[in-house]
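Please look over the sequence and the structure shown here before reading on. The briefing that follows goes through them topic by topic for a reader who is meeting them for the first time.

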Amino acid sequence: EIYLRLKEDLRPRPSKAHYTFNLRDLAKVFQGLMMVVPRTCHTASQAIHVWIHENMRCFHDRLVDSTDRRYFTEELVMEVLKRSFPVSRDLTHEDLFEGAPGLWGDFTRIGAPPEERLYEEITDPSALPRLFDEYLDEYNLNTSRPLNLVFFKDHCEHLARIC
């Protein structure tokens, strides 16, 4: 439903030519949801958070102005959430979107082989700059052109959504 309403309500315009949503975007939401295993998502609250994270990652990050982003979170996500997840009826927009972001990823365990990586909730977003610094240090050891990057809060949140 979110995909269909986005496709209908937020059509491409000259200033927003990239508002072209297709089934590949919807598939990315489901792909992310399928990465979760029961031992990392065992409550309804966690299921809600991963569902929101995947929709934010695939759709919200492409929205360019606050009006469109607010429409997405208030009118689309909150409406579908309350109808589809009965346990979410007590949750407010402020609870879900105006505090610390609900982030998920499989990159929190440095050096873990791919088969041992777990797609899990990132419970401490303030630790992300240090984590990304460690990945950067590892990268710089293995390249002839090291990078000197500074990771800040918004940057880390965006990296967490695309990793």
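## Briefing

Threonine 143 lies in the loop between α6 and α7, where helices (DSSP runs of H or I, at least four residues) and strands (runs of E, at least two) are numbered from the N terminus. This is a predicted model, in which local features need pLDDT of at least 70 and side-chain atom pairs count only at pLDDT 80 or more, while totals for chains, interfaces and linings use all residues. Residues are numbered from 1 along each chain as its sequence is written, and side-chain values use heavy atoms, with hydrogens and water left out.

**Overall layout**

- The protein chain has seven helices and two strands, and from the N terminus on these elements run α-α-α-α-α-β-β-α-α.
- Along its principal axes, the C-alpha trace of the protein chain spans about 50 × 40 × 30 Å.
- Of the 163 residues in the protein chain, 36% are buried; buried means under 20% relative accessible area, exposed means over 50%, and partly exposed lies in between, with a 1.4 Å probe and protein chains only.
- Among the contacts in the protein chain with a separation of 6 or more, 60% join residues 24 or more positions apart, a contact being heavy atoms within 4.5 Å.

- Threonine 143 counts as partly exposed because its relative accessibility is 24%.
- Histidine 60 lies in the loop between α3 (44-58) and α4 (66-84), and this histidine 60 counts as buried because its relative accessibility is 14%.
- The C-alpha atoms of threonine 143 and histidine 60 are separated by 34 Å, and the two residues are 83 residues apart along the chain.
- When its neighbours within four places in sequence are left aside, histidine 60 is in contact with Asn55, Arg69, Phe72 and Thr73.
- Arginine 70 lies in helix α4 and, at 35% relative accessibility, arginine 70 counts as partly exposed.
- Leaving aside neighbours within four places in sequence, arginine 70 is in contact with Glu75, His93 and Glu98, while its C-alpha atom is 15 Å from that of glycine 99, which is 29 residues away in sequence.

**Helix packing around α3**

- Helix α2 (residues 23-34) packs with α3 at an angle of about 145 degrees, their axes being 9 Å apart; axes are lines fitted to C-alpha atoms, for helices over the stretch in contact, and angles run from 0 to 180 degrees between N-to-C directions.
- In this pairing, Asp25, Lys28, Val29, Gly32 and Leu33 of α2 meet Val50, Trp51, Glu54, Asn55, Arg57 and Cys58 of α3, and by class the contact has five nonpolar, two polar and four charged residues.
- In that count, Ala, Val, Leu, Ile, Met, Phe, Trp, Tyr, Cys and Pro are nonpolar, Asp, Glu, Lys and Arg are charged, and the others, Gly among them, are polar.
- The helices α3 and α4 pack at an angle of about 140 degrees, with their axes 12 Å apart.
- Here Ile48, Trp51, Ile52, Asn55 and Met56 in α3 meet Phe72, Thr73, Val77, Val80 and Leu81 in α4, and the residues of this contact divide into eight nonpolar, two polar and no charged.

**Nonpolar cores**

- The largest nonpolar core has 23 residues, and those with the most contacts inside it are Ile2, Leu6, Phe21, Ile52, Phe59 and Phe72; such a core is a set of buried Ala, Val, Leu, Ile, Met, Phe, Trp, Tyr and Cys residues joined through side-chain atoms within 4.5 Å.
- At least two residues of this core come from each of α1 (2-9), α3, α4 and α5 (93-97), and the largest share, seven residues, comes from α4.
- Another core, of eleven residues, lies apart from it, and among its residues are Leu131, Phe151, Cys156 and Ala160.

**Helix α7 and the cysteines**

- In helix α7 (residues 153-162), Cys156, Glu157, Leu159, Ala160 and Arg161 are buried, and what covers the buried residues of α7 includes α3, β1 (103-105), β2 (120-122) and α6 (128-141).
- Cysteine 156 is buried, because its relative accessible area is 1%.
- The structure holds zero disulfides, a disulfide being a pair of cysteine sulfur atoms within 2.5 Å.
- Cysteine 41 is in no disulfide, and the nearest cysteine sulfur, that of cysteine 58, is 16 Å away; cysteine 41 is buried, with a relative accessible area of 17%.
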